[in-house]
Amino acid sequence: MTLDVLAFGAHADDTELACGGTLIKLAGMGYRTGVVALTRGEMATRGSAETRAREFEKAAQIMGLASHQMLDIPDGRVEVTWENKLKVIAEIRAHRPRIVVAPYWVDRHPDHENASQLVRASVYLAGLKKIETGQEAFRPGKLVFSQGRFEFSPSFVVDITDAQAQKMNAIRAYVSQFHHPDQPASAPGETLIGRPEFLNHIEDRDRRYGAQIGAKYGEPFLVREALRVDDPVAFFGPEYRWTIP
Ligand SMILES: [Zn+2]
């Protein structure tokens with residue numbers, strides 16, 4: 001099944017937090033979007049692999065994804081190996097996305113940093129004909145990085161104003177991971193992301209990046225190379241007047 005955008009995360013819920021608003025917005029515009037979680041999340045403090053799979057399923061429905069997939073790379077052991085590259089290459093070739101989204105390469109969680117490297121290498125390698133996966137070689141048009149815990153100065157910010165409420169619904173589908181009104185704050189295995197403040201921080205961040213582009217909510221993205229603009233007059237339309245510092 002071909003996709004316009006394919007976002008990779010180490011764990012279920014990573015992509016919802018980092019670029020859920022953008023995926024929801026694009027699905028609403030008629031683009032075909034997909035998510036690949038590299039692991040089943042079995043090392044999480046709260047929730048079993050089975051619970052997380054159900055939550056992943058529900059979040060995918062809320063985001064209107066055309067495809068969602070969990071790979072079997074061991075959680076806590078996302079390593080940049082040839083075997084794992086072949087798994088990611090196979091996903092890229094199966095879905096032939098125009099844009100691949102990977103986690104930012106600086107993060108607190110080693111799985112996130114390794115996922116970033118793994119996806120970056122695989123985006124390139126997927127285009128090499130002599131790497132055999134039984135599929136046609138394919139290289140996506142663009143690789144963009146989404147933000148995790150560490151902030152970067154974005155190459156561009158997507159206006160997610162109309163998708164932000166739905167993004168929070170997708171995140172709340174992970175009942176085992178994030179604060180839920182029915183769950184006591186002092187539930188066993190209290191985690192950083194399980195605190196009630198965590199969801200407020202996500203919303204605050206979306207608001208802060210939105211403010212940078214004159215929108216209510218936004219999600220930041222980073223690319224390593226210069227962005228090509230063929231017609232700067234059309235590109236920098238009237239909405240840009242709000243972004244002059
Ligand atoms: Zn994660």
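Q: What residues make up the lining of the second largest pocket, by class?
A: The lining has 11 nonpolar, 13 polar and 14 charged residues. Here Asp, Glu, Lys and Arg count as charged, Ala, Val, Leu, Ile, Met, Phe, Trp, Tyr, Cys and Pro as nonpolar, and the others, Gly among them, as polar. This is a predicted model: local features need pLDDT of at least 70, side-chain atom pairs count only at pLDDT 80 or more, and totals for chains, interfaces and linings use all residues. Residues are numbered from 1 along each chain as its sequence is written, and side-chain values use heavy atoms, without hydrogens and water.

Q: Which element gives the most to the lining of the second largest pocket?
A: α6 does, with seven residues. Helices such as α6 (196–212) are DSSP runs of H or I, at least four residues, and strands are runs of E, at least two, numbered from the N terminus. The pocket's volume is about 960 Å³. L17, H112, R149, I193 and F198 are the closest to its centre, of 38 lining residues.

Q: What classes of residue line the largest pocket?
A: Its lining has 22 nonpolar, five polar and seven charged residues. The volume is about 1200 Å³. The largest share of the lining, five residues, comes from α1.

Q: Which atoms coordinate the zinc ion?
A: H11 (ND1), D14 (OD), D14 (OD) and H112 (NE2), at 2.0 to 2.4 Å. Donors are N, O and S atoms within 2.8 Å of the metal (3.2 Å for Na, K and Ca); water is not among the atoms, so sites may look incomplete. The spacing is H-x2-D-x97-H. H11 sits in the loop between β1 and α1 and H112 in helix α4 (residues 110–125), 101 residues apart.

Q: Why is the site of the zinc ion called irregular?
A: The angles among its four donor atoms run from 56 to 123 degrees. Tetrahedral needs all angles between 85 and 135 degrees; four donors are square planar and six octahedral if opposite donors are over 155 degrees apart and all others between 65 and 115; anything else is irregular. The site is therefore irregular.

Notes. On a 1 Å grid over the protein atoms alone, a cavity is a set of points where a 1.4 Å probe fits but cannot get out, and a pocket is an open set with protein on both sides within 12 Å along at least five of seven lines; lining residues have an atom within 4 Å of a point. Grid points are joined across faces, edges and corners, and a volume is the space filled by probe spheres set on the points.
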